[in-house]
Amino acid sequence: MALPYRAPYDWAALHGFLAVRAIPSVETTEPGVYARTVSLDGRYGTVRVTPSADGEALAAEIRFPDTDERPAILVRLRHLFDCDADPHAIAVRLEADPAVAALVAARPGLRVPGAWDGFELAVRGILGQQVSVTAATRLAGKLVAAFGAPLPGQGAFGLTHVFPSPEALVEADVSRVLNMPRARGAAIRAVAAAVIAEPDLFGVGQGLEAAVARLKSLRGIGDWTAHYIAMRALKEADALPAGDIGLMRALDAGSGRPTPRELLARAEVWRPYRAYAAMHLWARDAEREAAKVGR
């Protein structure tokens, strides 16, 4: 199935972002390929996505037992790969900030990676609090091994498990199994209970302020995590985790990093596309940090 988008599209950047965060047994990447397990209404399958040869769409290979679910799967994939973004409109707005304009010119098709499932992303966000991306990925793999559902039959593309459902984690002793702070395990249980009680908790279209307030009312979800979930799972283009150290490092032009309050003030000119500015700044920060390692 084709997933058309508005060109340009920076597949390499989006693929790289997902690759370093791929959850073992649930997601896998190869050069030019992203694959993962999927779950809908208690049924499991896999998807495999690559760029199409014409450069105007992504190509999705779907293996799922119920063909009636194909439209729902395609909607989720369009969110995951941000296929509905308008790079021209985003660039015009972000060009109001000269420093960000230079980043947009260098990566004109940069997208905001979405998420297959809001609960999965929320759990991953909690696991990633105060640890590195690598450590969070390792913890997510252990969580899947302990509580995830095995994929029936022979897993395609090396995929073997589906991410744990809220029902599987709502009473789970995650902290003991993963050997992590009890507060984070309690936060995961709280999010699981909340999404069971409110199935639309991670629904798209809530509006940024309402969505962030709703998420921050949950145990263990602070401002950074709420905005991160909003920008990726809820597709809120104006979400901005303003306290992120990587964003502040990226805006340091030699006179020091801005404070979160200063970052928010500067970000007013990025509205309503602050999430895209954040992606450009994270890309810049990653390049700088990689250059330091290479010295």
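Visitor: What volume does the second largest pocket have?
Guide: The second largest pocket comes out at about 820 Å³. Keep in mind that this is a predicted model.

Visitor: OK, and which residues lie nearest its centre?
Guide: For the second largest pocket those are S39, R76, D117, F119 and P166, out of a lining of 36 residues.

Visitor: Which element gives the most to that lining?
Guide: β3 does, with five residues in the lining of the second largest pocket. Elements supplying at least two residues each are β3, α2 (70-80), α5, α7 (166-169) and α9 (182-197).

Visitor: How many nonpolar, polar and charged residues are in there?
Guide: The second largest pocket is lined by 20 nonpolar, eight polar and eight charged residues.

Visitor: Now the largest pocket. What's its volume?
Guide: About 1000 Å³ for the largest pocket. Its lining takes in 45 residues, and F17, R21, V133, W224 and Y228 lie nearest the centre.

Visitor: Which elements give two or more residues to that lining?
Guide: For the largest pocket you have α1 (11-20), β3 (33-40), α5 (118-127), α6 (133-147), α11 (223-232), α12 (245-250) and α14 (274-294). Of the elements, α1 gives the most, with six residues.

Visitor: And by class, what does the lining of the largest pocket have?
Guide: There are 24 nonpolar residues, along with ten polar and eleven charged ones.

Visitor: β3 keeps turning up. Which sense does its pairing with β4 have, and over how many bridges?
Guide: β3 pairs with β4 (residues 43-51) in the antiparallel sense, over seven bridges. If you want a spot to look at, Y34 is opposite V49 in β4.

Visitor: How many residues sit between the strands in that hairpin?
Guide: Two residues lie between β3 and β4, and D41 in this hairpin has a positive phi near 55 degrees.

Visitor: What about β4 and β5, how many bridges join them?
Guide: Six bridges, with β4 and β5 (residues 57-63) running antiparallel.

Visitor: Which residue of β5 is the bridge partner of V49?
Guide: A60 is the partner of V49 in β5, while Y34 is the residue opposite V49 on the other pairing, between β3 and β4.

Visitor: And in the hairpin of β4 and β5, which residue takes a positive phi?
Guide: G55, with phi near 70 degrees, in a hairpin with five residues between the strands.

Visitor: Last one: where do side chains point in a regular strand?
Guide: In general, they alternate between the two faces of the sheet.

Terms used. Residues numbered from 1 in each chain as written. Predicted model: local features only at pLDDT ≥ 70, side-chain atom pairs only at ≥ 80, totals over all residues. Heavy atoms only, no water. 1 Å grid on protein atoms, 1.4 Å probe; cavity = no way out; pocket = protein on both sides within 12 Å on 5 of 7 lines; lining within 4 Å. Points joined across faces, edges and corners; volume = space filled by probe spheres on them. Helix = DSSP H or I, 4+ residues; strand = E, 2+ residues; numbered from the N terminus. Nonpolar A, V, L, I, M, F, W, Y, C, P; charged D, E, K, R; others polar. Pairing = 2+ DSSP bridges.
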